[in-house]
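Here's a quick briefing for anyone meeting this structure for the first time. Take a look at the sequence and the model, then read on.

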Amino acid sequence: MDEVLIGLQRDVAAALKSRDLPALSGLLAAQDASVIMRLLEREGAADRAVLYRLLGRDAALEVFELLDPGMRIELFQGLRDEDVARVFEQLDPDDRAQLVDELPAGVAQKLMRGLSPRERELTAPILGYPRSSIGRYMSTEFVRLQPQLTLGDALSHVRHRNAEAETVYILPVTDGARRVQGVVELRELVMGRSDARVEDVMGEARVVQATEDAEVAARRVVDSRLLAVPVVDSESRLVGLLTVDDAARILEDAEDEDAARQGASEPLRRPYLSTSVLGIVRSRVLWLLVLAISALLTVQVLGFFEATLEEVVTLALFVPLLTGTAGNTGAQAATTVTRALAMGEVAARDVLRVAWREVRVGAILGGLLGMLGLVLAGLVFGIRFGLVIGITLFAICTLAACVGGVMPMLARAVRADPAVFSTPFISTFCDATSLILYFLVATWVLGL
């Protein structure tokens with residue numbers, strides 16, 4: 001793939017330089033949408049717009065749907081109004097609604113007014129739900145069946161409506177009030193007796209509420225291993241379908257965001273090479289400022305115990321070891337619990353169980369490291385100093401594991417993002433507390 005992309009970039013650069021549009025069109029027509037998407041990510045805004053306008057109608061839509069949200073907005077800004085309106089009209093309603101969230105309000109309103117009545121009718125219900133809800137990601141293009149239909153009539157109905165639906169592999173069955181009664185797979189319609197009724201072959205429907213948190217609902221859909229599930233309103237009326245590919249995309253975006261925040265930055269929302277230097281700076285600077293301010297606490301602790309350090313200079317040699325161990329222990333616990341929260345394995349109400357479990361884990365880890373520290377430090381600096389290191393390692397591992405495990409739980413309890421309590425934040429917190437424990441233990445054992 002990389003060799004193909006490098007060769008394509010070279011040929012496209014030459015054709016762009018000579019403004020050989022027929023050659024450019026031929027080069028693009030021979031490539032898959034995924035390759036063209038990666039090519040556009042590496043081009044400047046002006047050349048990206050030129051290349052995109054040379055794509056065929058179907059290829060243009062396929063490539064546009066593969067682009068990151070930030071790239072879509074930038075591409076829109078480089079296209080003519082008629083090109084923008086054409087692409088916007090061709091998008092699926094759920095993709096269109098997500099694009100509206102990113103566009104300036106005036107531009108979004110103008111594009112919505114330019115939609116055909118049918119497309120506007122399909123998009124409007126999605127825009128009525130909160131941005132973080134699963135209703136913002138559902139598809140309103142679906143085929144629903146009545147339970148009393150025969151399988152033969154149901155199959156004919158699906159054939160007639162197939163072009164209007166995003167998926168027909170899972171079909172919701174509703175009553176006259178659009179309340180979901182069950183679901184039926186397309187295979188059942190094809191393989192069953194044509195005179196059998198839909199209600200005879202339909203299965204139980206696993207539904208999600210349109211107002212549910214998107215990540216939570218998407219996790220349930222992926223775990224259920226179904227191709228699609230009905231989305232219902234507060235009165236159990238069918239309002240859309242959530243497909244497994246949309247659910248997987250939600251989880252992928254959430255994992256990217258968590259990974260970025262655990263690394264003390266914000267997600268870029270677009271490919272790295274197409275993100276401006278200032279954009280990368282903005283994604284990192286806030287967290288660096290927060291961590292720099294919190295690190296001042298560590299400095300204050302060292303200043304408070306300055307006299308102790310002057311009396312026993314050897315204590316300073318072990319500061320990096322102890323702070324690093326505390327930070328790593330807390331980070332391990334936080335990462336494990338954050339993932340458990342995302343997978344639905346624990347909830348905020350389990351905070352005490354998690355705290356007790358992490359205390360035991362930390363104590364075992366601290367005991368092992370403490371014994372090692374006691375022996376090694378004792379051989380070099382004497383048994384009393386070895387006791388200081390051993391006891392401190394045991395204490396800081398126990399505390400750091402508990403804090404690292406509990407912080408994401410507290411974040412979820414107050415409806416904050418657990419990833420905000422990221423590895424660098426916990427590391428900084430554990431640095432200060434480990435130093436306090438270290439000097440308190442040293443004062444007690446060494447009689448300072």
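How many bridges join strand β1 to strand β2? There are 5, and the two strands run antiparallel. Keep in mind that this is a predicted model, where local features need pLDDT of at least 70, side-chain atom pairs count only at pLDDT 80 or more, and totals for chains, interfaces and linings use all residues. Residues are numbered from 1 along each chain as its sequence is written, and side-chain values use heavy atoms, with hydrogens and water left out.

**The hairpin**
- Strand β1 covers residues 170-174 and β2 covers residues 180-185; strands are DSSP runs of E with at least two residues, helices runs of H or I with at least four, both numbered from the N terminus, and two strands pair if DSSP finds at least two bridges between them.
- L171 has V184 as its bridge partner in β2.
- With 5 residues between them, β1 and β2 make a hairpin, and R178 in the turn has a positive phi of about 70°.

- Leaving aside neighbours within four places in sequence, F76 is in contact (heavy atoms within 4.5 Å) with residues including F64, F88 and L99.

**Cysteines**
- You'll find 0 disulfides here, a disulfide being a pair of cysteine sulfur atoms within 2.5 Å.
- The sulfur of C397 is too far for a bond, because the closest cysteine sulfur, in C430, is 9.9 Å away.
- C397 is buried, at 0% relative accessible area; buried means under 20%, exposed over 50%, and partly exposed in between (1.4 Å probe, protein chains only).
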